[in-house]
Amino acid sequence: MADTTKTYESEAIRVQFDPGRCIHAARCVHGLRAVFNHEARPWIDPTEGSADDIAAVVATCPSGALQFARKDGGAAEAPADRNTVHIEPNGPAYVRGAIALQRDGTSATTETRIALCRCGASTHKPFCDGKHARCGFTDPGTVMREMSAEAPPPGTLTVTPRRNGSVLLEGPFEVVDGTGNTIGSLGKASLCRCGHSQNKPFCDGSHKAAGFTAD
């Protein structure tokens, strides 16, 4: 996938925006409209807010489409204390924490916030791009699986999209269902990303019969 990231800067902070990962949650617009305004051009203007306020709002972006880098010596974004996988009803799996996203089997990028496609229709797999709202994907986010009741220990959560298959999660994480309830913790799981599993959010092998393809 071509890099479409755009950069906006002030003297104190650099904001990067990847439209391919944007799911239009609009938390940036609601959080700091002076800086994030879709009616303005450019729509992001870091000179209209403090670096601290901008960094705080960027960190609420659930997909990771927005990122920041401080130029004034301010702190970089720290990952959440616990890794969490939140199954959004009729939508993506929001992953937050210390994430190592495997890109090509040999290298990984460090992430703190990603939204993983669950419907199979995203143009920017493994990331969600909002296609679930147009392809008729439905799933309430119910999670039926035995899990540990103990909080997960600190550690990195490795996320590996499998070719033509599921997304493998390896490392400590908590699972949050579609109602916002924490169900428990796991150390390993395979998430469905074709949209056809009968055991959502987990993979049951349905991608094979469905002919799902994704690098």
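## A stop at Ser148

Select Ser148: its relative accessible area is 34%, so it counts as partly exposed. Bear in mind that this is a predicted model. Ser148 sits in the loop between α3 (132-135) and β7 (157-161). Show its side chain and look for the backbone nitrogen of Glu150, which the side chain of Ser148 reaches at 3.1 Å. Now display what surrounds Ser148. Not counting residues up to four places away in sequence, Ser148 touches Gly184 and Ser185. Then select Gly187, which is 39 residues from Ser148 along the chain; the two C-alpha atoms are separated by 9.4 Å.

## On to Glu174

Next, select Glu174 in strand β8 (residues 167-176). Is Glu174 buried or exposed? Its relative accessible area is 11%, and the cut-off for buried is under 20%, so Glu174 counts as buried.

## Strand β5 and Ala100

Select residues 93-102, which form strand β5, and find Ala100 in it. Ala100 is buried, with a relative accessible area of 16%. Which residues is Ala100 in contact with, leaving aside its neighbours within four places in sequence? They are Ala108, Thr109, Thr156, Leu157, Thr158 and Val159. For a distance to check, pick the C-alpha atoms of Ala100 and Gly171: they are separated by 9.9 Å, and the two residues are 71 residues apart along the chain.

## Two cis peptide bonds

Select Lys125 and Pro126. The peptide bond from Lys125 to Pro126 is cis, with omega near 5°. Pro126 belongs to the loop between β6 (108-116) and α3.

Move to Lys200 and Pro201, which are also joined by a cis peptide bond; here omega is about 10°. Pro201 is in the loop between β9 (182-191) and α4 (206-210).

## Two positive phi angles

Select Ala26, in the loop between β2 (13-17) and α1 (27-31). Ala26 is not a glycine, yet its phi is positive, at about 65°. Ala26 counts as partly exposed, because its relative accessibility is 26%.

Then select Asn164, in the loop between β7 and β8. Asn164 is another residue other than glycine with a positive phi, near 60°. With a relative accessible area of 30%, Asn164 is partly exposed.

## The whole chain

How many helices and strands does the protein chain have? There are 4 helices and 9 strands. From the N terminus, their order is β-β-α-α-β-β-β-β-α-β-β-β-α. The C-alpha trace spans about 50 × 35 × 35 Å along its principal axes. The radius of gyration is 17 Å, which agrees with the value near 17 Å for a compact globule of 215 residues. Of those 215 residues, 47% count as buried. Colour the surface to end the tour: the protein chain exposes about 10,700 Å², and carbon and sulfur atoms supply 47% of that area.

How values were computed: Residues are numbered from 1 along each chain as its sequence is written. This is a predicted model: local features need pLDDT of at least 70, side-chain atom pairs count only at pLDDT 80 or more; totals for chains, interfaces and linings use all residues. Side-chain values use heavy atoms; hydrogens and water are left out. The radius of gyration is taken over C-alpha atoms; the globule rule is 2.2 Å times the number of residues to the power 0.38. Buried means under 20% relative accessible area, exposed over 50%, partly exposed in between (1.4 Å probe, protein chains only). Accessible areas come from the Shrake-Rupley method with a 1.4 Å probe; for residues, only the protein chains shown count as cover. Contact means heavy atoms within 4.5 Å. A polar contact is a pair of N or O atoms within 3.5 Å; within protein, one must be able to donate a hydrogen and the other to accept it, and residues adjacent in sequence count only if both atoms are side-chain atoms.
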